[in-house]
Every structure is written in C-alpha cells, then in structure tokens.
Amino acid sequence: MRINDAIRKAVVFLGIVDDKESFVPYGTGFVALWPTEIPGGYHIYLVTAHHVLKDIKSSKRDLIVRIDGRDGNTALGRIAAVDEWILHATNPLCDIAVIPFVASPETFDFKGVDLSKNAVSAEFIEEYDMGLGDAVFTAGLLTRHFGISRNISIVRNGNIAAMPDEPVDLGDLGQQEVYLIESRSIGGLSGSPVFLSAGPRVRKGMFVIDSQDDIERLLGVNIGLFQVQPSSDRARTDEADRRDHFLELMSSGIAVVVPVERVIEIIRDTPKLIEHRKKQLQASRLRKGALDDLDVRQRPI
C-alpha cells in the first residue's frame, strides 16, 4: 500500500563524520511537533532510540544529524551531545530519547508529526477498534543505501503481533510495555517512527476501508529486533549453550515498538522541557513574532 510521502520527510538520519569527512549513519530519528500557545505554532523535537545515541557516544565523535535542504542537497549539523538528550523520568530503561530541535522550514525540507492530533491514543484504539493483525509500517534508515544528495528512507510493512497489554522481557531494557510487530527490522531502523496503516481492515466485526487522514497515525518508535532469548533451564549442556547462543543472533521476525505515549510523557511532563517551552514563548514575544525556534509555518503530518 502507498503511504503518505510526507511521512518520509519527518525522518532524519543520525550518525558521525569520519576521518574522511564522510557521514556515517548509525540510526534513524524523526521530527515531532508539540503545539504552542500561539495558534498554528509548534515546538520542534527530535526523537530517537536511546541506544542509537549510546552507540554514537562510544565512537567518541560528535553527534551529527543529516537532513534534507530545500536547495536539493542534504545538510549535516552538529546537535546536542548525547548526554544532553532527555530520557523518561520514571522509566530510565525506556529506550527513547528526545531533544529540542531548531530548523527553519524555509531552509530545510522536513515535516513533523503533530503529537497532539496524529498519535495513537487509548481513545483512538477504542474508537477504531485497533488490535492484532492491523497493518503498520516503518520509515527509516537502510545503512547500505541512505542516499547521496538526498536522504533516502526505506519503508517496511508489517502487522501488530502483540499489544502492550503486559510487560515484555527485553533483556537489558527490563520489563517494558511495548508493541510487537511482525516486521523484520535492521540496525538502521532503530529510532524510526512506526505508523498504523490506512486501508481495508476489520473494525468491530465489520470490513471497512479507512482513509489516510483518519487512520495513518504514529503508533510508536522502532527500537529493534525482538531476539530469541536463551533458555533459562538449569540443566544445561555445552550443546544447548551453543544452540542458544546461535538462536540469540537470529531474528524472530518480530520488531519492538515503544508506544508513542512514552514520547508524549517525556515531552509533556519533563520539567526541563516545560521550562524550555516557556522560555521559547517569552523570547518569541520579545521578538514580536520572529520565531526562530518555534515553527508557525509547519504543516504537520
């Protein structure tokens, strides 16, 4: 199924610049918008998976964002250091990180996801009878083919395999309430947005066709593969250990998606981000509407 092409414009690539001054991508990020008190205005944020940032930090190089410019070329920008990104206050193992982002839509060709209107909520799930088997898609980075003059994000489709009804054991990330989707993931897709797909589906026992405007909403953030875990049996053999080590390296064909609620909680509830929004509004009013770091021109997804 074709997707709204504007969704790919919300995607950016995160990585480093190597010794040859070439961009080396590590993972995906995306632009999220939070409404301001100014009608039509938005605070802009970047969202990604925290483990992508940790991988970049281990390289001991600056964190770089690669975004499309309106001149037809990509632009590289140094952004906040890894340790400055905001994590979930009450769930430190939640693999999501957020940072305020400054980018003029007159210079850069991007879109943003309006988290107040275009995110899957408990009310949306109830109204649209969303559940197992519903189609979803991910837009993000393929590290071997990410574009030369423009960012090329790939799209992968899948289905909801499990709802976040109870915590799932994610190993080092602990017990987390996440979606599991039947869609093979790859390293570069970590941090990418996952959307509920429009199209034919079953709702409350009836076959319906939903429009993109009604249904294509942000489900959450792809944080990678759900890998087969080794057995916890106490009676072990060397052969069993070797088998389980091999299984750990295999993809189960399932990707893990952190619900968009965690992103909203970070942006909405973190005192540091609340204060940052207040300062942005105060500064914009002093400049009499010259909103350098607020976006009143965005057409959100």
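Mentor: Gladly! Keep in mind that this is a predicted model. In helix α1, residues 50–58, the buried residues are His 50, Val 52, Leu 53 and Ile 56.

Trainee: What makes us say that they line one face of the helix?

Mentor: Look down the axis of α1: its buried residues fall within an arc of 155 degrees, so they line one face. An α-helix has 3.6 residues a turn, so residues three or four places apart point the same way.

Trainee: And what covers the buried residues of α1?

Mentor: The cover includes β1, β2 (23–35), β3 (42–48) and β6 (97–100). After α1 comes Lys 60, which has a positive phi, near 60 degrees.

Trainee: Now the rings. How many aromatic pairs does a search of the whole structure find?

Mentor: Three. One of them joins Phe 124 and Tyr 128, with ring centres 4.5 Å apart and planes at 25 degrees.

Trainee: Why is the pair of Phe 124 and Tyr 128 called stacked?

Mentor: Centres within 6.5 Å make a pair, and planes under 30 degrees apart count as stacked. With 4.5 Å and 25 degrees, Phe 124 and Tyr 128 meet both cut-offs, so the pair is stacked.

Trainee: Are Phe 137 and Phe 195 buried or exposed?

Mentor: Both Phe 137 and Phe 195 are buried.

Notes: Residues numbered from 1 in each chain as written. Predicted model: local features only at pLDDT ≥ 70, side-chain atom pairs only at ≥ 80, totals over all residues. Heavy atoms only, no water. Buried < 20%, exposed > 50% of the residue type's maximum accessible area, 1.4 Å probe, protein only. Helix = DSSP H or I, 4+ residues; strand = E, 2+ residues; numbered from the N terminus. Arc of directions from axis to C-beta. Contact = heavy atoms within 4.5 Å. Phe/Tyr/Trp six-rings, centres within 6.5 Å; stacked < 30°, edge-to-face > 60°.
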